[in-house]
Amino acid sequence: MMMPPSQPRVGFLLAILLLSMPSSLVSSSYFEDKINSKQNEEAVNTYLQKGNNALASGNLHSAGRSYEACLRLEPNQRYCLINYASALVDLNVEEEDESIKQQRTKKAKEMLKHVLSLHPNDGDAAFNLALLLQDSSTSDEVTKEAARLYEIAVAAADNDGEERWDALANMAAAKQEVGEFMGRYGARRAYERAIVLLEKIAQQNEAYMNQGGTFQEGEQQHLQAELQAINEYLSKLYYGYGTVLSELSASDCQKLQLGSEESLLIDWVEPFVKGSGSEKEHRKDEASPNYVCKMNAINALRLAVDLNQNNVVAEHMLAAMTEGQIDSGRASNEFVSALFDDFADTFDAKLEALGYKVPGLVGEAADELLAISGQSSYRSALDAGCGTGLAGRFLRPLVSGQLVGIDLSKKMLDLAAKCTLSKGCGLKDENAADDDGDKPLYDHLASLDLEMTTLKDLDAGVGFDIIVAADVFVYFGELSKLLSNFAKLADSSGEHGAFLIFSCERIEEEEGSMWKLQKSGRYAHSKSYVVNTAANAGWLLVGYDEITPRYEKGEAVKGHLFRFSLGKDLDAMDEL
């Protein structure tokens, strides 16, 4: 499943120049210094400075104690509130107790919200609260609120004449995720401003390194490492910028061309063209707003790859934008792993928001095949590309023996490993049973390449009765190798043979392609291509449905669900 592009957030901001707590969330619940009961500004400033010094030196518990002392004297002291929130968030980095981490995060949010209730335009509090919201966001509403808070931070910096590329970068990512592309504080302009500012910093670093002077010991290596880090982040920004340009509507591109929306990076082709006939029409196309937006999007993605050769997500999307001109026929392992590792923690919630149906449809199809074959259960099952285990939840009741899951993303597998018969993998917390003897949902999980996996890799003596792949084929264009390997992993020697169920995104037969890498970065396949390729690998089609796997931007995604058998000729379940 291709998700909206995600950009890593720039970290928490310390306010240099919350509320009174019932109990301490740092190592000591009380400060030792005795102070006069009369609150005074000098004492507040002293504790604030002590806290800032401790925070800057990494002594987080000491910083927390000083900020607590400050807030006991003045509960509304904004900088003590903001910086105490920073200390609590930093303490969570190495904290293993999840309940303590949740308490600290909750308290940090409360303090930052309190600051904003007193000072609605405080850029530091808005920026830090936005970070906390965006990092844990599982809904558009939360992300929209984070985007609004980033806008406050950017506007505050603009009013103070500051250049906050970090706030711009984070705002751009949040605005892009909720589809707010245009306007003064839209994703497109925010990416442009962040890129211009960060490139200026990179140029200053390069100029300093190339001035030919004498460096202190280790200084040059430090500057080189810093420049590399800047270029890697610029690569991420250009990736985000390119994907935004690729999604702009014709009217939005026209606004840029006419100048009603300023652009810092796009160069426009002169709309007046010379020539005649087909040459003139071609030049008109090159001068059109859509064409220029597309070409600038492609250039941005190329720059993303040039700045960081390891940006596999940008590389894949560049192939999609250039309509497969540099396509290898499947998404790289690195791309899939990076994509899903990034979205693992919020993956299920975001799919639910898209009306994602494939796991349930796969489960229903597996149940139907079981009934038609006359079996009471499957002996074993392989969940190919299992992700967080959403399809496994539907398969488990149908499988009496081993349920095995394979995925490239180790973070997805870590989440699937936490699933039990009564908890996780699509079950809501309120529906989960509390059973100390609960067993894992999967019997075995492994990080493997589906085209290369062998039964030996899975410690399986014989193959599987059924293999399912829910929304996995969208990362493969050419399917022959994958379907042939699935035949090797299946056990077709039994009385009922073996079954294969998978979904694809769909292109129509008249589109003239067997498969196509779409602008979304996902592959789509024609029915005839899938059926013929599967037949060449020994699979016989026994069921087919056109489906809507999910919705994107309110529109139904075209898909289809296939059921195949191996080793037994079943009558087709549906009119094919």
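Modeller: Let's start with a term: a salt bridge is a side-chain nitrogen of Lys or Arg within 4 Å of a carboxyl oxygen of Asp or Glu. Keep in mind that this is a predicted model.

Colleague: Thanks! Which residues are linked in a network of salt bridges?

Modeller: Asp471, Glu505, Arg522 and Arg550 form that network. Within this group, the side chains of Asp471 and Arg550 meet at 3.6 Å, N to O. Asp471 lies in the loop between β4 (466-469) and α19 (480-489), and Arg550 in the loop between β8 and β9 (551-552), so the pair ties together parts that are 79 residues apart in sequence.

Colleague: Are Asp471 and Arg550 buried or exposed?

Modeller: Buried means under 20% relative accessible area. Asp471 counts as buried because its relative accessibility is 4%, and Arg550 is buried too, at 0%.

Colleague: Now strands, please. Which way do the residues of β11 point?

Modeller: In a regular strand the side chains alternate between the two faces of the sheet. In β11, Gly559, Leu561, Arg563 and Ser565 point one way, while His560, Phe562, Phe564 and Leu566 point the other way, and all are buried.

Colleague: Which strands does β11 pair with?

Modeller: Strand β5 (residues 498-506) runs antiparallel to β11, joined by eight bridges, with Phe499 opposite Ser565. Strand β8 (residues 540-547) also pairs with β11 in the antiparallel sense, over seven bridges, and there Tyr544 stands opposite Phe562.

Colleague: And helices? Which residues of α18 are buried?

Modeller: An α-helix has 3.6 residues a turn, so residues three or four places apart point the same way. In α18 (residues 410-417), the buried residues are Met412, Leu413 and Ala416. They cover an arc of only 100 degrees around the axis, which puts them on the same side of α18.

Notes
Residues numbered from 1 in each chain as written. Predicted model: local features only at pLDDT ≥ 70, side-chain atom pairs only at ≥ 80, totals over all residues. Heavy atoms only, no water. Buried < 20%, exposed > 50% of the residue type's maximum accessible area, 1.4 Å probe, protein only. Helix = DSSP H or I, 4+ residues; strand = E, 2+ residues; numbered from the N terminus. Pairing = 2+ DSSP bridges. Arc of directions from axis to C-beta.
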